[in-house]
Amino acid sequence: MARHVVAAVDELPPGTRKFLEIDGRPIAVFNIKGEYFGLMNRCPHQGAALCEGPLIGLAQSKDPGEIEYTKLGEIIRCPWHGWEFDIRTGQSYCDPRRFRVKAYPAHVEPGASVVKGPYVAETIPVKVESDYVVVEL
């Protein structure tokens, strides 16, 4: 799997997301409380830009009338029809056996490991002869 540098850590603070296209795929990268997650920005239901929807939590109930909200800010709701997916895994909460969004691993690497060379510039020998510049190829 190829690695792609997305942003500096300070460009993606907690609670934010960044939209990009990698190899023709629409991707969104999320920072959830300092953890990073990549998700395909396409809802499997009808192709909406899934990651433009609101970040919500998961409502769960053990007993009637008692609702507990968990995973706050970790569930993305499709802006078209409200289908919900876990940002960490791509798991659907509408039809978990049939639908999933492609999740991509994302992590932080030290800047030196990402930008470290060696970078070699192409050089071409050049010399001046009788007021003319000559390039040797």
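# Cysteines, Packing and Pocket

Me: Which residue holds the cysteine sulfur closest to the sulfur of Cys 43?
Reply: The distance from the sulfur of Cys 43 to its closest cysteine sulfur is 3.9 Å, too far for a bond. The model is predicted, and in it Cys 43 is buried at 3% relative accessibility. The residue holding that closest sulfur is Cys 78.

Me: How far is the sulfur of Cys 51 from the closest cysteine sulfur?
Reply: Cys 51 is likewise buried, with a relative accessibility of 0%. Its closest cysteine sulfur belongs to Cys 78, and the separation is too far for a bond. The distance is 9.7 Å.

Me: How many disulfides does the structure hold?
Reply: A disulfide requires two cysteine sulfur atoms within 2.5 Å. The sulfur of Cys 43 lies 3.9 Å from that of Cys 78, so this pair is too far apart for a bond. The sulfur of Cys 51 is 9.7 Å from that of Cys 78, and therefore this pair is also too far apart. The number of disulfides in the structure is zero.

Me: What pattern of helix and strands does the chain follow along its sequence?
Reply: The chain has nine strands and one helix. Of its 137 residues, 28% count as buried. Read along the sequence, the pattern is β-β-β-β-β-β-β-α-β-β.

Me: Is Ile 56 buried or exposed?
Reply: Ile 56 belongs to strand β4, residues 55–60. Beyond its neighbours within four places in sequence, Ile 56 is in contact with Lys 71, Leu 72, Gly 73, Glu 74, Ile 75, Arg 77 and Glu 84. Its relative accessibility is 16%, and because the cut-off for burial is under 20%, Ile 56 counts as buried.

Me: How far apart in space are Ile 56 and Glu 74, C-alpha to C-alpha?
Reply: In sequence, these two residues are 18 residues apart. Glu 74 is among the residues in contact with Ile 56. From C-alpha to C-alpha, Ile 56 and Glu 74 are separated by 6.5 Å.

Me: What value is the phi of Lys 71 near?
Reply: Lys 71 sits in strand β5, residues 68–77, and counts as partly exposed at 31% relative accessibility. Most residues other than glycine have a negative phi. Lys 71 has a positive phi, near 50°.

Me: Where does Asp 23 lie?
Reply: Asp 23 is exposed, with a relative accessible area of 60%. Its phi is positive, near 50°, in a residue other than glycine. Asp 23 lies in the loop between β1 (17–22) and β2.

Me: With the side chain of which residue does the side chain of Gln 91 make a polar contact?
Reply: Gln 91 is in the loop between β6 (84–86) and β7 (103–105) and is buried, its relative accessible area being 18%. Apart from neighbours within four places in sequence, Gln 91 is in contact with Glu 84, Phe 85, Asp 86, Pro 96 and Arg 100. The polar contact, at 2.7 Å, joins the side chain of Gln 91 to that of Arg 100.

Me: Which residues lining the largest pocket are the closest to its centre?
Reply: The largest pocket holds about 820 Å³ of space. Its lining comprises 27 residues, and those closest to the centre are His 4, Val 5, Val 6, Ala 106 and His 107.

Me: How many nonpolar residues are in the lining of the largest pocket?
Reply: At least two lining residues come from each of β2 (25–32), β3 (35–40), β7 and α1 (111–115). By class, the lining has five charged and four polar residues, and the nonpolar residues number 18.

Methods:
Residues numbered from 1 in each chain as written. Predicted model: local features only at pLDDT ≥ 70, side-chain atom pairs only at ≥ 80, totals over all residues. Heavy atoms only, no water. Helix = DSSP H or I, 4+ residues; strand = E, 2+ residues; numbered from the N terminus. Buried < 20%, exposed > 50% of the residue type's maximum accessible area, 1.4 Å probe, protein only. Polar contact = N/O pair within 3.5 Å; in protein donor to acceptor, adjacent residues only side chain to side chain. Contact = heavy atoms within 4.5 Å. 1 Å grid on protein atoms, 1.4 Å probe; cavity = no way out; pocket = protein on both sides within 12 Å on 5 of 7 lines; lining within 4 Å. Points joined across faces, edges and corners; volume = space filled by probe spheres on them. Nonpolar A, V, L, I, M, F, W, Y, C, P; charged D, E, K, R; others polar.
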